Amino acid sequence: MGRTDRTPVEPALRDSDAPFPSSESASTSPNETRTATFGMGCFWGPDARFGALEGVVRTRVGYAGGTEPEPSYYALGDHTEVVQVEYDPDELSYDDLLDVFWANHRWASSAPKRQYRSVVLAHDDEQFETVRRRRGALEERTGQSAATEIESLADDGFTLAEDYHQKYELRSTPVVGDELEALYGDTFVDSTVVARLNGFVAGHGATDRRETLLAELDLEPTVISELRRRF
Ligand code: MHO
């Protein structure tokens, strides 16, 4: 359809094509991003929820928290479904992300399977301590004990899930997923725009932000109308 000259637009979104985590040589801001990793049930929902947040640069879903090598969806072993969130610390804090984490899953009861357990995989000691303090405060405030576990994430502790699990909400929106995959190619999973749209089609994000983003994108009219229908 004569679209070879079209390139994905990443309006006002920084460093969107850098590998994940963002490369240090990137000249675009944010200069420094941070990463958080959460297990909070099926990872499709949190992928969309975090992806819609201003200040989130990238999301990815995967498997972590276990010991067995090379987990996959049908051979999960002792791993758990997790979402990994890369964010700009000038716009969002780790505490903000923890608010979203605890507000959006059933942390007070143990999950039926380890696959879906409530867990925070801390990337450093500071995160670990923050989660411990916040979990204590949560328990005190609610009078409930939290099933949320806190573990340290090893350097190679996260395994990216299969493509069809990434940005699931968007992929399962007819027309839209195909168009964006074609447009973004290998950068689909790591794109900030794709993360936002994935969140927006799941019902997250304010209307004005959705419309602003749509207006900046060069998408087929059928895709635009399908997105609007789900917004
Ligand atoms: N209930 C969902 C869970 C999928 S999730 C990636 C399903 O099986 O359809 O664990």
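Which residues of helix H1 (residues 44-51) are buried? Let's work through this and a few more exercises together, using a predicted model.

**Exercise 1. List the buried residues of helix H1, then find what they pack against.**

Step 1. Go along H1 and pick out the buried residues: Pro46, Asp47, Ala48, Phe50 and Gly51.

Step 2. Look at what surrounds these buried residues. Among the strands, they pack against S1 (34-40), S2 (56-64) and S3 (80-87). Among the helices, their partners are H2 (94-103), H4 (168-171) and H6 (192-201).

**Exercise 2. Describe the chain as a whole: its helices, its strands and its buried residues.**

Step 1. Count the elements: the chain has 8 helices and 6 strands.

Step 2. Turn to burial. The chain has 231 residues, and 51% of them are buried.

Step 3. Consider the surface. The chain exposes about 11100 Å², with carbon and sulfur atoms supplying 47% of that.

Step 4. Ask how far apart in sequence the contacting residues are. Taking contacts with a separation of 6 or more, 73% are between residues 24 or more positions apart.

**Exercise 3. Decide whether strand S4 (residues 118-122) is enclosed or open, and find its partner strands.**

Step 1. Check burial. Because 5 of the 5 residues of S4 are buried, this strand is largely enclosed by the rest of the structure.

Step 2. Sort the side chains by direction. Ser118, Val120 and Ala122 point one way, while Val119 and Leu121 point the other way. Both sets are buried.

Step 3. Find the antiparallel partner. S1 and S4 run antiparallel and are joined by 4 bridges. As an example, Thr37 has Leu121 in S4 as its bridge partner.

Step 4. Find the parallel partner. S4 and S5 (residues 149-152) run parallel, also with 4 bridges between them. Here Ala122 has Ser152 in S5 as its bridge partner.

**Exercise 4. Work out whether Arg34 is buried, partly exposed or exposed, and describe its neighbours.**

Step 1. Locate the residue: Arg34 belongs to strand S1.

Step 2. Classify Arg34. Its relative accessibility is 39%. Buried means under 20% and exposed means over 50%, so Arg34 counts as partly exposed.

Step 3. List its contacts. Leaving out residues up to four places away in sequence, Arg34 touches Val85, Glu86, Tyr87 and Pro89.

Step 4. Look for a polar contact. The side chains of Arg34 and Glu32 make one at 3.4 Å.

Step 5. Compare sequence with space. Arg34 and Ser93 are 59 residues apart along the chain, and their C-alpha atoms are separated by 9.4 Å.

Note on methods: Residues are numbered from 1 along each chain as its sequence is written. This is a predicted model: local features need pLDDT of at least 70, side-chain atom pairs count only at pLDDT 80 or more; totals for chains, interfaces and linings use all residues. Side-chain values use heavy atoms; hydrogens and water are left out. Buried means under 20% relative accessible area, exposed over 50%, partly exposed in between (1.4 Å probe, protein chains only). Helices (H or I, at least four residues) and strands (E, at least two) are DSSP runs, numbered from the N terminus. Contact means heavy atoms within 4.5 Å. Accessible areas come from the Shrake-Rupley method with a 1.4 Å probe; for residues, only the protein chains shown count as cover. Two strands pair if DSSP finds at least two bridges between them. A polar contact is a pair of N or O atoms within 3.5 Å; within protein, one must be able to donate a hydrogen and the other to accept it, and residues adjacent in sequence count only if both atoms are side-chain atoms.
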